[in-house]
Amino acid sequence: MSSCIYILDENLEPLISKNIKSIPNLRYIAQLFKRVYEPASPPITTSLNWHFIRIKRDSLIFLSAVHTSDYDCDIMCVISFLDQFHLLLKKFLETPVLDRNMILDNVLLIMELFEETIDFGIVQSTESSILKDYVRIKINMPDSTIINQLRDASAKDSEESDNEAKKKSKRVSGMPDLYKYLQISKSTNEKKTSTKDTFDEEGVDTYNSFIANTTVMPISWRTKGIHYGKNEFFLDVIERVQYFMDFEQGIIRTNLIHGQIFCKSYLSGMPKLKIAINKLLKRDAQFISNSKFHQCVSLESLNEKEIQFIPPDGDFVLCKYELKRHVNDPPMLKLSSYEVKAKIKKYKVQILVTIETHFKGQNSTSGLSVKVPLSQIFKDYEIDLRKPARFKSSTGNVLFNLSEDFLLWEVGAMKGGHGETKLSMTAEFALFNKEEYEKEVEELRNSMNPPPIREGPKLEELYKQIHEDDVSKTISLASNLVTMRFEVPYCTCSGLKVEYLKIEEEQLQYQSFPWVRYKTVSDEEYAYLV
Amino acid sequence: MSDHKIFTRYKANEIRAELQSFEVKKSKVSANKRKDGLKKIIANLTLGNYNEMAYLAPEILKFWKIEDDLEVKRICHEYVRSFGIVNPKNTVEALPFILNDLKNRNEKIQIMALKTLVAVPSAEFIDEASRIIPSFVNRRSVPPDVTRTAIYALKRLDEVNHDRVVECLPFLLELIQRENVDPIIHVAALNTLNSIHESNPNLQPLKLSMETAFNSLDLLQTLNEWDKALVLDALTISAVPGSHEDAYEMIDIVLPQLQHVNTFVALNAFKFIAYLLNYVDSVNESLIKRFSNSIISLLNKPPELQFLVLRNVILLLLSRDVPLLNLDVSYFFIEFTDPIFIKDTKLECLYLLANEETLPRILEELEQYATDIDIQMSRKAIRAIGNLAVKLKHHSASECVTALLDLLEFGVEYVVQEIISVFRNILRKHPSEFKSCIKDLVKYTDSVQEPESKNAMIWIITNYSDNMSNYLQIFQIFSSKFLEETLDVQFSILNSSVKFFVRDPNPKTEKICMQMLKSCTEDSNNPDLRNRAFMYWSLLSLAQTDKAHLLSNESLKNILDGELPVIELNTKLDPVILEELELNIGTIASIYLKPVSQIFRNTRPRYLLPSPALNKSRGQLKILHDTKNWNNLESLDTLHEDFSNNRSDKSAHKKSMMNDYDKPAETVNQLKGKRKSSSTSPSKLSRKPSMLVRKLSIRKPFS
């Protein structure tokens, strides 16, 4: 078993340590770890008689040190324990993300948790529902006390001087914390109202739940006795499309779909759910080999072409999958043409962009924006920003971002189709006309009139100011990408469809409401290299 | 209340003042303040502020006397534990209080006291512990929680006072055998007994009777996850099946645990079954499928856990000639979000999984990695392709070579370097098959930069000089900058120049050879290089002088330009070590793939205990392909056994609906494969899919 356990902050300073084997110098071991630590190294490192086993969660590192003379160490146990302990802490502190301050604020609580979860390095239990029964009375939760204080304070408007002093120190120590506490209180309140019955029941027969937990182990993700007035189940299929194409050479580099099935379950009792997905029914080999399911899914059921599971309560990701698309499958949104036309004689340069959609006609994008890079054009041509740039688009607005050199064409809604729905945008910039400029300068010099008044911002000066610094002018790959952001509701790029969704609860036999939604969105990378 | 304020260094006086000032009032406020003071002590101990805190010992003892609060007690105990380690003598004063706490009616305080007692490494404490703990274990009236702690404390005590603990061992064994013992005590006794036996080489390995083993296994249902795993761990080795039937029965009991969410339990179940397979003459294929599926589901975990599982997959793939796993390669394909250590391990798995059947898919994947933006990854992928070419037979190797040549055209600098480096190994393994590639390789002579790839290039030029007309010209690219090269490249250049001359003595080669020998002996500062040059020189001159009868040209050629042995990649470990490693699934040994004795000192290696049912060699295990032969397993197991989605499985009893599963997934990788639209094919099941969808979806935009 591990000799000692630490929780370290991002600077590898120990926040809390638990000495299991009476190690004389805990600090030294932490320092030793600091010396050998490399972020990229595997989670197990060995140095000078010590094996260090660590997991990195949020900004913290949970570390366990094992002496090399100590054979009785199942590393799997250590890592699983650290992992579970992290989850446990999150549950106890009721926060989605742990940080340094939270640990420091709850030293005693964590010490006690260590004490309860491990005896002489042997893990006893990490089930939060059980431990909450054990540790409940003595939990010193700064979060909740502070929330209470704040509530008191706002209600009574600071009566006790003692309390006020505390409150002040709190305020000084960090406003954002205050906000966070309020958030937490809010969320817990919400939770309480939504699952009021659950809480009550847990309060009454905690011992029951303990037994249930230990004996009916296979369903460790759902407690018994959950009750909702209205039984609802929400299922969202969201697909992110990643696409990258070299527009000039016409080569598609990436064409991927990252799909996720999000679920929100507000169901009573122990419901059994059955979901059929068309991909599974058709035994789509690609889908089957590239999908991962939540622990609640009984994987055997996948052979029977449906997903069977008893869902955990609340939010969870039922399934993640990744699909590759064929090169010839048209992208949902296609850049059909991109041209830069220079009309030297007219001292003008034009950028023409046309896009087209490739999805079902009855759907349309709920948000679409196209980003057109300009740095290359500014580099190739001498653009005269004293003359106004002109933009024309069939729908939507065009915005000119001067500091980062791009045009943002906000299209908004665009109807689906199979190449027939097209939208285009033209942008026109004036080129620097040397003759004209010299003539003007000459005129100005000779005439007595003041120079003509110009209204609006002086773009050329702003441009100069901003771009003074980056003299190097290296044009990176990113500045040659036409990127698109979009969202298409009610449609999945892969064609994935939920064929049916059955909810069965044998004992309660309630009516339930399943909701299914689909959406396709663009990934971070949805771009054309031009 | 709690804040960062607690977590700063304090002087002893400050805390003392805080503790005393509120002592008078008995109100709740002062009790809280006092607690804060105590908390500060603990915080300071965590910060390592021992010197200051040492002054507070009297205060702590005072509180111990008067307070009954659990939290205060806890702090007092924590204080003694932390101090006892640093300065055992000073804590002796606290001993009476601890002994007093042992008699407390509150179980928690008793447990606390027990823990403190063994935590302090001083003679007084150990004496007391050795006296008290066995009595706690023996007494029946003690509550189970306390007994359990006492039993685990024995384990700790064993490290300091082995003789006293040995006396308790028979009692522990009796506890395990006794009926109607609280399960948690049973587990504690089993675990403690097992680990004491294991950590003391002078004791015989623990061997349990079949009956006891079955009793322990029957408890599995009632235990929590960690205890489950501990039982499975302890029973590995110590439960020796007397016959094949016993082994089968035990496997049946443990099998459902493979599906457990906790990786620790699943992997221990795995270990236990793998161990039992040594006592079984044949095993059904469905078990292998089950193994594989449980491993695959374990891969869907946080990266650190995934890493451990992957390392164990490597172990299991290596461990038997017919591996216990049958995994589809696609699970080991790398995702760009994987941390580096996962990527490396996955590459290793891919390498091990590669065979003629899977190679095309693996190669396609590796080629993608090779063009990755991440340079390290790209290099590793190329290395892996090279290693595969060395590992596999001629036909598959040529596929690898083709892939490498394709990548070579890619022309990126580091890719070229790496390919040249791996090609040397490929050519050494398959000396004559790939001669035709050499022309392509040599084109890149100018672009090799790194010492390793230079070495490789020089080696290739030298060994295949007869395939090239202008080899000397190419060689001169290197030899002309001789002095600028790193040492190992210099060695290669020297060796090659001598080889050229010996092979084909003509004025040109002689000139180069002499030039090199000269610059080695005259310009080089490195004694090794100089010495080698002198040695060559004297050898060459010996053969040329009138003493030529001492050294014929033939033997000179043999010495300088001999045949190199064919290389083999050594992935096989010693079978004895493998057997030991298989019993250590999940431990550190499995991560490093080294025998336990090399990683942990003072331990007895695990080995299989003899039994009439023990297989003589691990190869003896047969895998049956017929489900009907193994009915007992099926009947106990309610889950449907037909894992028809076991992808790459080439089983004999394939159902007709499975037909599309044995197809390699190239069709899946549609970027390069045949056209197959993934978006527009309609569903076959629902007659009116549009209706269903309309029913199911809500016309409301996403929030």
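Five rings form a cluster through ring pairs: A:F81, A:F85, A:F114, B:W226 and B:F264. The cluster draws on chain A and chain B. The model is predicted. Over all chains, the structure holds 26 aromatic pairs.

**A chain of rings in chain A**

One of those 26 pairs joins A:F378 and A:F400. Its rings are stacked. A:F378 belongs to helix α13, which covers residues 375-380 of chain A. A:F400 belongs to strand β18, residues 397-401 of chain A.

A:F429 sits in strand β20, residues 415-430 of chain A. Because A:F400 is in strand β18, this pair ties together parts 29 residues apart in sequence.

| Aromatic pair | Geometry | Centre to centre | Angle between planes |
|---|---|---|---|
| A:F378 and A:F400 | stacked | 6.4 Å | 15° |

**Charges over rings**

Which ring lies under the charged end of A:K371? The ring is that of A:F406, and the charged end sits 4.6 Å from its centre. Chain B has an example as well: the charged end of B:K391 sits over the ring of B:Y351. Here the distance to the ring centre is 4.8 Å.

**Chain B as a whole**

Chain B contains 34 helices and 2 strands. It has 703 residues, and 57% of them count as buried. The accessible surface of chain B comes to about 31300 Å². Carbon and sulfur atoms account for 52% of that surface.

How much of the contact count in chain B comes from residues 24 or more positions apart? Among contacts with a separation of 6 or more, the share is 70%.

Note on methods: Residues numbered from 1 in each chain as written. Chains lettered and ligands numbered in written order. Predicted model: local features only at pLDDT ≥ 70, side-chain atom pairs only at ≥ 80, totals over all residues. Heavy atoms only, no water. Phe/Tyr/Trp six-rings, centres within 6.5 Å; stacked < 30°, edge-to-face > 60°. Helix = DSSP H or I, 4+ residues; strand = E, 2+ residues; numbered from the N terminus. Lys NZ or Arg CZ within 6 Å of the ring centre and 35° of its normal. Buried < 20%, exposed > 50% of the residue type's maximum accessible area, 1.4 Å probe, protein only. Contact = heavy atoms within 4.5 Å. Areas by Shrake-Rupley, 256 points an atom, 1.4 Å probe, with all protein chains shown as cover.
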